[in-house]
Amino acid sequence: MKKYDVVAIGELLIDFTENGKSAQGNPVLEANPGGAPCNVLAMLTKLGKKTGFIGKIGNDMFGDQLEQAVREVGIDTAGLKRDPEVNTTLAFVHTKEDGDREFSFYRNPGADMMITENDLEYSMIEGCRIFHYGTLSMTHEICREATRRAIDTAKDAGAILSFDPNLREPLWKSLDEAREQILYGMGQCDVLKISDNEIVWLTGEEDFDAGAAWIRKRFPNITLILVSVGKEGSRAYMGSMRAEVPAFVQEKTIETTGAGDTFCACILNYILEHGLKELTEEQLKEMLTFANGAASIVTTRKGALRVMPSKAEVEALISAR
C-alpha cells in the first residue's frame, strides 16, 4: 500500500491578481497562493485523495502565507523546504477581457528554483501511486537535476508519471531550451496533459489530432494524452481511441487561473479510481466531462488553490446541462 495517492514537485508562489481599483484609480492586487502543482493537489485533496508536495519557498512573509495555505487545504507539506537566502517567487497576473492571462514573474532567482537533490523527501516519492511534474522546475540546472532525480525515483518505485508542460515563456532562456525539457518530460511520462497552444507550438500541427499523432509516434511510452482546448472543451487519446467533450461555458467566468490544473487533477483522480489500462471510449468521455465541469467552476472564482469545487458541485453542474 502506498501512503500517498499523488505527490507533485514544482513551483509554489504568490500570484498577485487584479481585484478592482483603489480610490486613486490604481489597480488593487490580491496575493493569492499559486503554482500549478499545488493547484492540482488541492483539487485532488478536495476529492478525498491523499496528496503531498515537494518544493521550496523563501523564509519570508509570503513563504509563511503559502505554507499555511497548503496545509489549510490538506496537502502534506513534509517535502516543503525553506531557503534562508532566496525569497519566495512572485508572479503578477494580468487578466485580459476574454479571461486569458499574461504573467510577469519575479524569479531571478526565486526560492522555488533553488530546490536540490538533497532537499528531496525520497520516501514521499517512493510512497506515491502517481507522481506529477511540470517544467517550471526544469528551467534552471539546480532544480532540473532535482526534478530528474525525483522522476527516476518515482519510476523505479513503480509510480504512474503525470506531466503537464505548463509552458511559461518568460521563465526560459530560450524556447529551444524549453522545447528540449518538454521533450524530456514527455519521454518519461505515462499521462500527458497539454494545452491547445502548447501542442501547436511543439508539434507545428494546427490540427490537434495530427498533433496528438505526432506525440504518439515519438513517445510510445505515453498511455494517455489529454488536450485542453479552453472554451472548446477537451480531448483524450488512448491507443486507437479518441474522445472529445465540449466545455461548460460560463457567463460568470472571471479568470482562467487554475482551470487547467483543476482539469488535470480530475483526470488523475479518475485514473486512481479506474486504473490507466483498458479504459473504454465511454469512460474517457465520462472522465473528460467531470474534468471540464470542475475546470469551468474554477473560472468563476478568484484564485485557485483555496477555491476548488467539491464533487457534489461538479456533479450538479453536469446534471444541469
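**View 1. The crossing of helices α4 and α5 is left-handed.** The model is predicted: local features need pLDDT of at least 70, side-chain atom pairs count only at pLDDT 80 or more, and totals for chains, interfaces and linings use all residues. Residues are numbered from 1 along each chain as its sequence is written, and side-chain values use heavy atoms, without hydrogens and water. Helix α4 covers residues 141-156 and helix α5 covers residues 175-188. Helices (H or I, at least four residues) and strands (E, at least two) are DSSP runs, numbered from the N terminus. α4 and α5 pack at an angle of about 15°, with axes 11 Å apart. The axes are lines fitted to C-alpha atoms, for helices over the stretch in contact, and angles run from 0 to 180 degrees between N-to-C directions. The angle therefore makes α4 roughly parallel to α5 (under 35 degrees is roughly parallel, over 145 roughly antiparallel, 65 to 115 roughly perpendicular, the rest oblique).

View 2. Contact means heavy atoms within 4.5 Å. These residues divide into two nonpolar, three polar and five charged. Here Ala, Val, Leu, Ile, Met, Phe, Trp, Tyr, Cys and Pro count as nonpolar, Asp, Glu, Lys and Arg as charged, and the others, Gly among them, as polar.

**View 3. Helices α6 and α7 pack at an angle of about 60°.** α6 spans residues 196-203, α7 spans residues 208-218, and their axes lie 10 Å apart. The angle makes α6 oblique to α7. This crossing is left-handed. D196, I199, V200, L202 and T203 of α6 meet F208, G211, A212, W214 and I215 of α7. Seven of the contact residues are nonpolar, two are polar and one is charged.

**View 4. The largest nonpolar core has 54 residues.** Such a core is a set of buried Ala, Val, Leu, Ile, Met, Phe, Trp, Tyr and Cys residues joined through side-chain atoms within 4.5 Å. Buried means under 20% relative accessible area, exposed over 50%, and partly exposed in between (1.4 Å probe, protein chains only). L224, L226 and I267 have the most contacts inside this core. Helix α8 (residues 259-274) gives the largest share, 10 residues. Beyond its neighbours within four places in sequence, I267 is in contact with L224, L226, M287, L288 and A291. Apart from this core lies another, of 44 residues, including M113, I151, L167 and L202.

**View 5. Helix α1 is mostly covered.** After α1 comes G48, whose phi is positive, near 90°.

**View 6. N292 sits in helix α9 (residues 281-298).** N292 is buried, with a relative accessible area of 7%. Residues up to four places away in sequence aside, N292 touches G233, S234, V245, P246, A247, F248 and F263.

**View 7. R82 sits in strand β5 (residues 76-83).** R82 is partly exposed, at 28% relative accessible area. R82 and G58 are 24 residues apart in sequence, but 5.3 Å apart in space, C-alpha to C-alpha.

How values were computed:
Left-handed = near helix turned anticlockwise from the far one by under 90°.
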